[in-house]
Amino acid sequence: MTETAPPKPTLKRIRILLWLLVALAIAGSAAIWFFHSASVGPLQTAETKQSFGGPFTLVGADGKPFSSSALVGKPFAIYFGFTRCGDVCPTTLSRLVKLRREAASDDALNLVFITIDPKNDGPNEVGQYAQRFNAPIIGLTGSSAQIDQVKKQYGIYAEPVPHAAMGQSIAHTATVLLFDRGGKFAGTITRDESDASAVTTLKQLTA
């Protein structure tokens, strides 16, 4: 008995099935690669945490050099902003003052405001701005080169954007950076984080 070739429609279905199997194999390989890559993410994050930040020298509200070594010995929080900021910066700093008092006291944690707009924010401007919040805040500025360097060290995004009223504003990172008594990066406080969560974090930091 002689064998006959399968009908053409059947061959077409077989070819389609084979292509589907190939596609599934490729997708499976991609999924394996993705989950493997995701699994090494925390290790990279841990390494970044160890090297994040670093020493700096800027200019204080008194016009004198201010070294980050002066912060060592007490936990501190750093916020990057600018004095002409319409809403985000004053809201964040006001919230930080409130959270610090709920977690401990004004003396338990240094709050540091670093301008990202050194062309407009000199020592007088950052000093007067820090005083607006009726609580101890260290206002810092510096040359454009100094500010660019500290932004790079602390992973801060800041770019000029058009603004209807001011002509130009600055889009920037609004996250608060937290550091322990030794100056080691300890975490963040984000805008969408609940106050209860932030207070718990600050209590742990200042304990």
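Which residues lie nearest the centre of the largest pocket? In this predicted model, where local features need pLDDT of at least 70 and side-chain atom pairs count only at pLDDT 80 or more, totals for chains, interfaces and linings use all residues. Residues are numbered from 1 along each chain as its sequence is written, and side-chain values use heavy atoms, with hydrogens and water left out.

**The pocket**

Select Ile116, Asp117, Pro118, Lys119 and Ile170: these lie nearest the centre of the largest pocket, which is lined by 15 residues. A pocket here is an open set of points on a 1 Å grid over the protein atoms alone, where a 1.4 Å probe fits, with protein on both sides within 12 Å along at least five of seven lines; lining residues have an atom within 4 Å of a point. The space in the largest pocket is about 250 Å³, a volume being the space filled by probe spheres set on the points, which are joined across faces, edges and corners. Helix H5, strand S6 and strand S7 (167-172) each give two or more residues to the lining. H5 provides the largest share, four residues. Helices (H or I, at least four residues) and strands (E, at least two) are DSSP runs, numbered from the N terminus.

**Helix H5**

Next, select H5, residues 144-153, whose buried residues are Ile147, Val150, Lys151 and Gln153. Viewed down the axis of H5, these fall within an arc of 160°, so they line one face of the helix; the arc is that of the directions from the helix axis to the C-beta atoms. Buried means under 20% relative accessible area, exposed over 50%, and partly exposed in between (1.4 Å probe, protein chains only). The face turned away from the buried side carries the exposed residues Ala145 and Lys152. Among the elements covering the buried residues of H5 are S1, S3 (76-81), S4, S5 and S6 (158-163), contact meaning heavy atoms within 4.5 Å. Just after H5, Gly155 has a positive phi of about 65°.

**The sheet**

Now display the open sheet of seven strands, in the order S2-S1-S5-S4-S3-S8-S9 and with mixed pairing. Two strands pair if DSSP finds at least two bridges between them. At the edges are S2 (65-67) and S9 (185-189), each pairing on one side only. Neighbouring strands of the sheet are turned by 35° against each other on average, direction ignored. Axes are lines fitted to C-alpha atoms, for helices over the stretch in contact, and angles run from 0 to 180 degrees between N-to-C directions.

Within the sheet, select S1 (residues 57-60) and S5 (residues 138-141), which pair in the antiparallel sense over two bridges. Gly60 has Leu140 in S5 as its bridge partner. Helix H4 (residues 123-131) packs on the sheet, touching S1, S4 (110-115) and S5, and its direction makes about 155° with that of S5. In the loop between H4 and S5, select Asn134. Phi of Asn134 is near 50°, a positive value in a residue other than glycine. Asn134 counts as exposed, at 66% relative accessibility.

**The S8-S9 hairpin**

Finally, move to S8 and S9, which pair in the antiparallel sense over four bridges. These strands form a hairpin with five residues between them, and Gly183 in the turn has a positive phi of about 85°. Leu177 stands opposite Thr188 in S9. Helix H6 (residues 195-206) lies across S8 (176-179) and S9, running at about 25° to S8. Select Phe185, found in S9; at 15% relative accessibility, Phe185 counts as buried. Phe185 and Phe52 are 133 residues apart in sequence and 6.5 Å apart in space, C-alpha to C-alpha.
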